[in-house]
Structure formats: C-alpha cells, structure tokens
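Please read these points with the structure open beside you, and check each one against it as you go.

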Amino acid sequence: MKTAGFLAAIECTTKGWHQARDDSPPDVAVAFAIDQSREVKQLARGLFPGGADVYGGTCFEDTRQLVAAPATKTVYEPAFRAGTLVAKVDILSRNGGGWNVIEVKSSFPESSKMEEYVESLAYSTMVLRRAGVAVKGSSLLLLSRTYRHGDPVETLFTLVDKTDEVDKRAQVFEDDVDAVDAAVRAEEPPQPVLNRACWRCDFFKTSCLGSGRGHTVVELPKLHHTRITALCEQGVINIADVPEDLGLNDTQQRAMAAMESGSMAVDAVGLDLALAAIKWPCHYLDFETVAATLPLYDGHGCHQQVLTQFSVHHRDSFDAEPIHSEFLARAEECQERAVAEHLIQALGARGAVIVYSSFEQTRIKALGARFPDLARPLTAISGRLVDFEKVIRKHIYHPAFGGSFSLKKVVPTLVPDVGYDDLAVRDGSAAIALFAQMARGEVEDVDQARRNLLAYCRTDTLVMVKLHEILAGMALHPPR
C-alpha cells in the first residue's frame with residue numbers, strides 16, 4: 001500500500017480500496033501540476049547538495065545499500081518497503097546516527113493542506129521505521145511567500161520542523177495500519193458506510209453507495225457540516241429519506257423538490273424580478289488567468305495569479321445581434337496593465353456586465369489595487385457586475401446539476417446547443433496550463449495555442465448570452 005492509498009483509506013477504507021485500483025490518467029491540468037511539483041523538488045535538492053539519487057526497478061535495494069553506507073549523507077527519492085507497505089520520500093538527510101525525513105510540497109506554510117501533509121509525512125516516517133531506519137526528525141520543505149522571480153534558489157524554500165506532530169500521528173497510524181492495509185488489499189471492497197468523505201469522493205456515484213441509486217444526499221448544495229453529520233449518523237442516503245426536520249435552506253429545499261419530482265424547479269417571480277433589474281446594454285464578460293507554482297515574470301511570487309485574457313459579447317437587447325470583443329496577452333511578459341486598459345475600453349460606461357461567479361469581481365479589484373490610476377473606472381465596472389451564478393442558485397434548480405451550480409453542470413443542462421466538446425481547450429484549468437506552458441517556452445505552435453485560448457474564452461461568453469435568453473424564457477413561461 002502506497003501513501004495516497006493509505007491517506008484515502010484512513011478517511012474511508014472503501015475509498016482507499018477503490019483508489020488503490022484506480023489507474024485513470026491525469027488530465028492536462030493535473031499533469032502540468034505534477035510537472036511543476038517535480039521541478040520544485042529538483043530545485044530543493046540544491047539545499048542538500050551531494051546526495052545520491054535513487055531510481056529504477058531496483059530502488060528498494062539501492063536505497064537499502066545507500067542508507068547502510070556510512071559515507072552516505074543525503075539520498076534523493078529513496079524508496080522503502082516494510083511488508084506490504086511502501087513509502088517514497090523526497091529527501092533523506094543523515095542526522096548523526098539517524099536520519100531526517102524531508103518532504104517537499106509546492107505550498108506555503110499556511111496552506112489549508114497542512115494536516116494532509118503531516119499525515120503523508122507521518123505515514124512515510126512509520127514505514128521507514130518499520131523498515132529499520134532510525135528516523136530522528138520529520139520536516140516539510142515549503143515555498144516562501146517572499147521569494148520573487150530571479151531570487152537565489154535558497155530563498156525559495158522554508159523548512160518547517162514537524163517532528164512532534166508527525167511522531168504523534170505516526171503512532172496513531174501504527175494502531176490502525178495493519179487492519180487498514182488488509183482491508184485495502186482484500187479481493188472485495190469493504191462494506192461502505194456513509195461518512196463525510198462521501199461528499200468529495202470520486203467513487204461514490206460510480207462504484208459505491210451512490211451507484212445504481214437515484215438522487216442522494218451528497219447532491220444537496222452546500223450542506224452544513226452539522227447536517228452532514230446528522231445524515232451520516234442516521235445512514236440517510238436517498239433524497240426521499242431526508243428527515244423533514246433537517247433544517248434545509250431555500251436553495252436546498254428547491255434542490256430537494258426538483259430531485260424528488262425529477263423536473264426543474266423555478267422561482268419564476270423571483271427570477272423575473274432579478275432579470276428585470278438588469279440594465280441594457282448587456283456585456284457578457286469572462287476572464288482567464290495564469291498561475292504557476294514557480295513565478296513566471298520578474299517581480300512575481302510563487303502561485304501569483306495574473307490576468308491574461310478576456311472575452312466580451314455585447315448586446316443592446318434580446319433582439320440585437322451580439323458583438324464580440326476580446327484581448328489575449330502575450331505570454332512572454334506580464335501584460336496585466338494592457339488587459340486592464342483594453343477591458344475598460346471594451347466595457348464602456350453603460351450597461352450591466354454579466355459574469356458567472358465572483359471570480360471577475362475579485363480580479364477587477366486586484367487590478368485596481370495594482371494600478372491605482374485605473375482604480376476609478378475599474379471600480380465603476382465592478383459596480384455594474386451581475387452574477388448569473390447567484391441568480392441561478394437563488395431561483396433555479398435542475399436535477400442534473402448534481403448539487404453544483406458550476407458552468408460545467410449548468411451549461412450541458414440549460415444550454416445544450418452550445419458546448420465545448422469540439423474545442424482544443426475545454427476548461428479553465430487547461431487554459432491556465434496552456435498559457436503557463438507558453439510563458440515557459442514549452443509550446444511549439446504558439447499561434448495555434450492562442451487561437452485555442454481565444455476560442456475557449458469566446459465560448460464562455462457566448463454561453464452566457466444564450467443563458468440569459470433561456471432564463472428570460474423560464475421567467476415568462478416557467479416549466480411545469
């Protein structure tokens with residue numbers, strides 16, 4: 001059993017069983033993140049020079065020999081096996097008569113994933129000790145928020161000692177690991193039980209408790225953790241079995257009614273009022289950004305988000321033909337100011353600016369903070385924003401939403417005639433990865449890449465044009 005399988009299994013042994021057998025290839029965005037992580041780990045070796053690298057099919061034996069040799073001070077990516085347990089760490093550094101285990105993570109010290117990182121480090125520490133390695137210390141090598149592009153590599157990292165936390169967690173794992181390992185290696189999956197992990201599990205609907213059922217409680221939007229706990233304690237899975245006194249809000253009640261009836265639920269009066277408040281002309285806006293683990297431009301820090309392009313469809317009325325505007329920055333330099341200036345020009349001073357989610361508002365505020373001389377027109381644009389996600393969340397629910405109001409769920413359901421299947425770039429994560437690869441000089445056909453990015457962003461705003469028409473039709477003739 002490897003680290004990922006164990007960490008999944010301590011959440012839910014059934015999830016761990018399925019994950020151990022999942023060989024799905026990573027998508028473009030995940031693959032890019034893996035490549036960035038690999039690059040960060042390579043740079044981290046500079047802080048521990050002169051180490052021996054372990055790789056290939058004999059990694060366990062090579063590791064054993066290196067650790068046993070008194071001359072070895074540092075080992076890169078050593079691999080250990082203790083019975084059926086397997087662990088691979090990023091850096092092993094000699095500490096007197098023992099060793100320090102160091103795992104490199106592409107996050108900052110205040111990351112929300114810190115508990116997960118400690119658990120990963122604790123599992124590795126436990127396996128190494130079972131394999132006979134004297135682990136004296138356990139640390140995380142994390143990214144520094146003060147690092148800027150071009151700074152010396154030694155300033156990129158912050159070493160955080162987690163020995164005490166890791167030792168305590170590793171001891172807890174020792175009490176459970178054999179039973180968990182046996183459950184994950186069994187021929188049949190463990191008997192599943194509804195638990196908090198079900199709400200974020202990729203296997204729930206396809207091969208676990210949700211398989212073969214109609215609508216389940218994990219589809220209730222933004223359910224508070226106390227209500228999740230109550231449902232788990234009662235073992236309630238089907239929507240039809242949700243107790244009346246659970247205390248659902250209006251959005252959740254609308255979702256539940258739609259799932260029970262199998263048809264869309266629409267608050268036509270509220271929807272009509274929301275749409276009537278929108279001032280014409282309408283400008284349908286979508287942004288794309290780039291963010292990479294290692295900064296792409298001078299003066300930038302790790303994971304810094306940069307606005308790279310926008311698309312706007314303009315329309316004076318429902319009867320008017322949409323007019324399109326767009327801008328895509330050059331990848332070889334940061335052009336956020338150019339994006340901001342073109343945006344101000346494209347949106348003018350009149351009409352509603354229709355977006356989907358709060359993302360555009362966040363980025364416009366960031367532009368205003370970065371370019372104070374543009375703050376007044378940018379603030380005015382921010383005041384004209386109308387968020388269609390909020391409109392849909394407040395007034396509409398379709399059973400096919402599956403508990404989510406993201407465009408990935410809403411578009412195929414409400415705007416099926418405008419899709420992304422024929423596009424080379426089909427989602428925001430892929431767009432981020434492609435632009436970052438362009439900025440890093442890793443794309444051969446830059447012109448084609450730019451055309452792909454423009455086509456994707458243009459489709460996002462065309463979707464909102466069509467969505468506006470569909471929402472107006474629902475308000476006028478609500479489905480029955």
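Predicted model: local features only at pLDDT ≥ 70, side-chain atom pairs only at ≥ 80, totals over all residues.

1. Residues are numbered from 1 along each chain as its sequence is written, and side-chain values use heavy atoms, with hydrogens and water left out.

2. The chain contains 17 helices and 15 strands, where helices (H or I, at least four residues) and strands (E, at least two) are DSSP runs numbered from the N terminus. Its C-alpha trace spans about 80 × 55 × 35 Å along the principal axes.

3. Of the 480 residues in the chain, 49% count as buried, a term that means under 20% relative accessible area, whereas exposed means over 50% and partly exposed lies in between (1.4 Å probe, protein chains only). Among contacts in the chain with a separation of 6 or more, 67% join residues 24 or more positions apart, and a contact means heavy atoms within 4.5 Å.

4. Helix 15, which covers residues 407–414, has Val-410, Val-411 and Leu-414 as its buried residues. They lie on the same side of helix 15 because they cover an arc of only 95° around the axis, the arc being that of the directions from the helix axis to the C-beta atoms.

5. The buried residues of helix 15 pack against helix 14 (388–395) and helix 17 (446–476), while the face of helix 15 turned away from its buried side carries the exposed residues Lys-408 and Pro-412.
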